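Notebook open, structure loaded. I want to go through it piece by piece and jot down what I look up.

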Amino acid sequence: RPPPAVHSVSSRKQKDFSPEDLDNDFKYQNLFEVLFSPDLHLLSAMFEILPEDQQGEPLLAATLRLVDRSARTEQIMKACVEMEVANTLDASTMFRRSNMSLRILKMHLQKTGAAFLQDTLSQLIIKFKEEAEARRARGQSFELDPSLLTSSDNLQQNVKDMTFFAGCFFDKLKQKCTQDLPRNLMCLLHQLRLLSEARFPNSGQKVVAGLFMQRFVLSAIEFPHHYALADAPPDASLQRALKLLCQTLHALSIDEAFDRGAPLASMNPFIKSNARSMKDLLSAVSSMSDDSWEYSDPKQVVVLSRDVPDLLRLIVNKMEIIERHAYLQEQQHEELRGSFLRLRAAVADLTYSASYSSGVGSRYGAGPAAPAAYDDGG
């Protein structure tokens, strides 16, 4: 392992970034060309140092805005789908790991499908919340686990009411998917189904359900405040009710009834009676005769003034880790050495520093230029 990288910050004033620079300065295009390459090698390396907590979400959002602005959205999203399928050993485990490809796809779906989710789910979530609050006022709940029922609860009534609401959500989903689901989202689901079927025969429905239902629709239902469908996080009782609803719809989406004697086994009649309709829905959202994307002017993508500085700060401060990750990947991808050197040169062109060295033990030698960490207050 090489010693820590050494950064010497120049006293020269750094150039302020403005979004218009993306269209007028070739240095930014050099950076995006190497960082957002469809082989995803360097993007994968960068995600090794991207925080997974709430601190990382703004950086991820900034990265995706820059992907959109550089007109590379289609190739990056399709490459993420290919990576997810290629790196999965069993179709049943796809989209269950919190990795780079899933994080990118999930945020892209959340952004691209925001209007769809709002139109499809917002009013139903409000009605479900109102019913849950009315029950709580009566000392009741939506609980389906017999061992967790309150003295005021009636299991049969709870099953009946949960079946009603699950049906409402499913019916609304069927209606809106055939009308308003964004075309580019359907293109991704179409590619996902084809690739997964080629590698894991007869897995298409479950794989599409894993991304579209579990990581998109059901995530929005269970955590509506993360998708601008609620002003505040649900309280404990509503969160429990939403979780039960999502568990029911998830079981329906993967066509797996609950085990006999399981707490939610009472929802199996709903699952069985709607299984065919769910298969038809998942087939409809992932089947296209023409899977060409709809394009919009990338210059219309709103980029924040901090997006590039924040991204450069992250890369500069973690250059040694990116280098180490690139070296490990280079054992399988010989072209990665050149890609890393190009990344370092592109970053150096956009930053101002007196000197930079990767350390005596650097596998790639001293840096050609001087990337400097941005001032946190800048």
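My entries follow, starting with confidence and then moving on to helices and loops.

**Entry 1: confidence.** This is a predicted model, so I looked up the pLDDT before anything else. The protein averages 82, and 83% of the residues score at least 70.

**Entry 2: helix 8 against helix 12.** At what angle do helix 8 and helix 12 pack? I get about 20 degrees between helix 8 (residues 155–180) and helix 12 (residues 268–285), and their axes lie 11 Å apart. Angles under 35 degrees count as roughly parallel, so the two helices get that label. I also checked the handedness: the crossing of helix 8 and helix 12 is left-handed.

**Entry 3: who touches whom.** From helix 8, I listed Thr-163, Ala-166, Gly-167, Phe-170, Leu-173, Lys-174 and Cys-177 at the contact. On the helix 12 side they meet Phe-270, Asn-274, Ser-277, Met-278, Leu-281 and Val-285. Sorting the residues of this contact by type, I get eight nonpolar, four polar and one charged.

**Entry 4: helix 13.** Is helix 13 largely enclosed or open? I counted 10 of its 11 residues (307–317) as buried, so helix 13 is largely enclosed by the rest of the structure. The buried set in helix 13 runs Asp-307, Val-308, Pro-309, Asp-310, Leu-311, Leu-312, Arg-313, Leu-314, Ile-315 and Val-316. I made a note that Asp-307, Asp-310 and Arg-313 are among them.

Entry 5: Which loop holds Ala-71? I found Ala-71 between helix 4 (56–69) and helix 5 (73–86). Its phi is positive, about 60 degrees, although Ala-71 is not a glycine. Ala-71 has 57% relative accessibility, so I put it down as exposed.

Ala-228 went on my list too: its phi is near 60 degrees, a positive value in a residue other than glycine. I located Ala-228 in the loop between helix 10 (204–222) and helix 11 (236–253). Buried or exposed, then, for Ala-228? I have Ala-228 down as exposed, at a relative accessible area of 60%.

Notes. Residues are numbered from 1 along each chain as its sequence is written. This is a predicted model: local features need pLDDT of at least 70, side-chain atom pairs count only at pLDDT 80 or more; totals for chains, interfaces and linings use all residues. Side-chain values use heavy atoms; hydrogens and water are left out. Axes are lines fitted to C-alpha atoms, for helices over the stretch in contact, and angles run from 0 to 180 degrees between N-to-C directions. Helices (H or I, at least four residues) and strands (E, at least two) are DSSP runs, numbered from the N terminus. Angles under 35 degrees count as roughly parallel, over 145 as roughly antiparallel, 65 to 115 as roughly perpendicular and the rest as oblique. A crossing is left-handed if the near helix is turned anticlockwise from the far one by less than a right angle, and right-handed if clockwise. Contact means heavy atoms within 4.5 Å. Ala, Val, Leu, Ile, Met, Phe, Trp, Tyr, Cys and Pro count as nonpolar, Asp, Glu, Lys and Arg as charged, and the others, Gly among them, as polar. pLDDT is the predictor's confidence in each residue, from 0 to 100. Buried means under 20% relative accessible area, exposed over 50%, partly exposed in between (1.4 Å probe, protein chains only).
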